[in-house]
Amino acid sequence: MKEIKVLGTGCASCRNTIMLIEQVAQAKGVAVKLQKVEEPRDIMGYGVMSTPGVVIDGKVVHAGGVPSRDKIEQWLAAA
Amino acid sequence: MNALVSPLRRWPAQQPLLFLLVAAAAWFGLYQTMMPASEALVAALPVERDSRLGGALQFFFYDTPKVLLLLTGIVFVMGMINSYFTPERTRALLAGRTEGAANVMAASLGIVTPFCSCSAVPLFIGFVQAGVPLGVTFSFLISAPMVNEVALTLLFAMFGWNVALLYLGLGLTVAIVSGWVIGRLKMEAHLEDWVRDMPHASAAVGEDRLGLGERLDAGFASVREIVGKVWPYILGGIAIGAGIHGYVPQDFMASFMGKDAWWAVPLAVVIGVPMYTNAAGIIPVVQALLAKGAALGTVLAFMMSVIALSLPEMIILRKVLKVRLIATFVGVVATGILIVGYVFNAVL
């Protein structure tokens, strides 16, 4: 199971990112553990400056905007 | 990229130059035909042109297509420019510089670096952590939301290029001077302790190798994101503006937002600070107020305080700044805006 964290201080784009990942995961039938990281201190711990950011299994894969659907599908495909 | 994407969607990315030429020609043609078209539409409506409803409708139908078309074009181009100035690169440009010239640089970079107020805190910490001086960081943080392409486009569409340039110049000045003053005040002690104690981060960035096709994608993405989010505000703003145009009597605003009322500027700032809306919603209203006799300086001060200082932003900033630094930030920026308002009213 993939552990996905969405970094963001609670703005609309961050919520959209989470929704989009949930949708894609459901459509593809991939089990994911989705988590929100909202504390600035924790976000900075990942070295991300522009939110929303996405962390998969401990690695930052995206920062600075809602990721595209294509991109999310790629993440979930790469096992 | 996904191989399943239809060839139709792919051609701009494969022939980016051709696409840009075709798109520019199409945009220009559309812009040229839209103005007479909306004139004709209003003329065809069964209302008297000189009646109140006629005036309001004309304002609405004339300004809506113009503003939306301009905005789409400019946001697209800015999206492409933005892709050259990621926050990481901007930080690398600013890290380790001394205050003064760096404040000017930071404020200018604020125009071209993509920025969303929800990123303000991570950006702030990222800058400070990499050794960007506090005052320089503030110059960036003040200019980025205030002087942006949406505000400038709307100002240009509704007031012409001279007011847009004036706003650009004054916005930059407020950002540069406020940041410099905050730097002089040496308030590093008023960062939250955990921010001060964070290990120093390197500002180095990797080489950026985006092709023109990918920059086009960035342009499309920002049109989707910005225009997609902002258009209801613009329609709402223009509708309110149209109402004011048609129904509020001439010179009605002059009495309490005119030049002669000295207290109008501070009042506009005080009302503007807790208000939060984006430039898109406020500017059409502002234009209508002006037409009814409000003074430009007062109106600009109101606009700047609405956009640059907002309550939600302070609440987020409280996580990294102690109260005294936030109060200083608000005080310095509000003072700058006040001065802008008075100077405008005096000069024009």
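## Burial and secondary structure

Chain B comprises 348 residues, of which 41% count as buried. This description rests on a predicted model. The secondary structure of chain B consists of 17 helices, with zero strands. Among contacts in chain B with a separation of 6 or more, 88% are between residues 24 or more positions apart.

## Nonpolar core

The largest nonpolar core contains 107 residues. Within this core, the residues with the most contacts are Phe124(B), Ala301(B), Met303(B), Met304(B) and Val333(B). Helix α3 of chain B, spanning residues 52-82, supplies the largest share of the core, namely 10 residues. In soluble globular proteins, nonpolar side chains tend to be buried together.

Met304(B) illustrates the contacts of one such residue. Leaving aside residues up to four places away in sequence, Met304(B) touches Met146(B), Gly171(B), Ile337(B) and Val340(B).

## Confidence of the prediction

For the complex, the predictor reports an ipTM of 0.74 and a pTM of 0.80. The average pLDDT of chain B is 80, and 88% of its residues score at least 70.

Where pLDDT is low, the predicted coordinates should not be read in detail.

Methods:
Residues are numbered from 1 along each chain as its sequence is written. Chains are lettered from A and ligands numbered from 1 in the order in which they are written. pLDDT is the predictor's confidence in each residue, from 0 to 100. Helices (H or I, at least four residues) and strands (E, at least two) are DSSP runs, numbered from the N terminus. A residue is buried if 20 or more other C-beta atoms lie within 10 Å of its own, exposed if 12 or fewer, and partly exposed in between; C-beta atoms are placed from the backbone. Two residues are in contact if their C-beta atoms, placed from the backbone, lie within 7 Å. A nonpolar core is a set of buried Ala, Val, Leu, Ile, Met, Phe, Trp, Tyr and Cys residues joined through C-beta atoms within 7 Å.
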